[in-house]
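Dear colleague,

Please find below the structure that I am handing over to you.

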Amino acid sequence: MTSAIPARDFIDGIIHYSDRSDRMADIKWMEHPTFKGVHLKHIIKGCDSGGLFSSHLVKIDPDCCLESHIHADQFELHEVLAGKGTCKLLEKTFPYATGKMTVIPKGQHHGVHAGPEGLTLLAKFFPALL
């Protein structure tokens, strides 16, 4: 068994489509419009998948939170790439560390809190969020 891909290698990777290739390093990070200390990189949008899914890098600064919220129309999948923290889904709290995943059904309250080293995750939405 091989070890996991380091988060930096993934974040600086390439997305291949049938008609083009995009360098993730060229996609700009954006401040989350609501949650302080949360940064987003929209790497695959609905326009790239016929609206079926989207994929977003989420970087949460040390000890910051993606406060409790819902996505009424999307299932969400979190894949932790780097750092540590916790995810609260309804009334359950799960530890987050590299390699952990959480499936979040549509319409369910969830939030993420980064630990002292911060947290980076890949969030995928079905259907597309954007």
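Is Asp63 buried, partly exposed or exposed? With a relative accessible area of 49%, Asp63 is partly exposed, because the exposed class begins over 50%. Please note that the model is predicted.

Asp63 also deserves attention for its backbone. The residue lies in the loop that links strand E5 (54-60) and strand E6 (65-69), and its phi is near 60°, a positive value in a residue other than glycine. Most residues other than glycine have a negative phi, and most peptide bonds are trans.

A further positive phi, of about 55°, is found at Leu90, which is not a glycine either. Leu90 sits in the loop between strand E7 (75-89) and strand E8 (92-97). Its relative accessibility is 43%, so Leu90 counts as partly exposed.

As to peptide bonds, the one from Phe126 to Pro127 is cis, and its omega is near -10°. Pro127 belongs to the segment after strand E10 (110-126).

Finally, I turn to the cysteines. A disulfide requires a pair of cysteine sulfur atoms within 2.5 Å, and by this rule the count is zero. Cys65 is in no disulfide: the nearest cysteine sulfur, that of Cys64, is 7.1 Å away. Cys65 is partly exposed, with a relative accessible area of 22%, whereas Cys47 counts as exposed at 68% relative accessibility.

Yours sincerely

Note on methods: Residues are numbered from 1 along each chain as its sequence is written. This is a predicted model: local features need pLDDT of at least 70, side-chain atom pairs count only at pLDDT 80 or more; totals for chains, interfaces and linings use all residues. Side-chain values use heavy atoms; hydrogens and water are left out. Helices (H or I, at least four residues) and strands (E, at least two) are DSSP runs, numbered from the N terminus. Buried means under 20% relative accessible area, exposed over 50%, partly exposed in between (1.4 Å probe, protein chains only).
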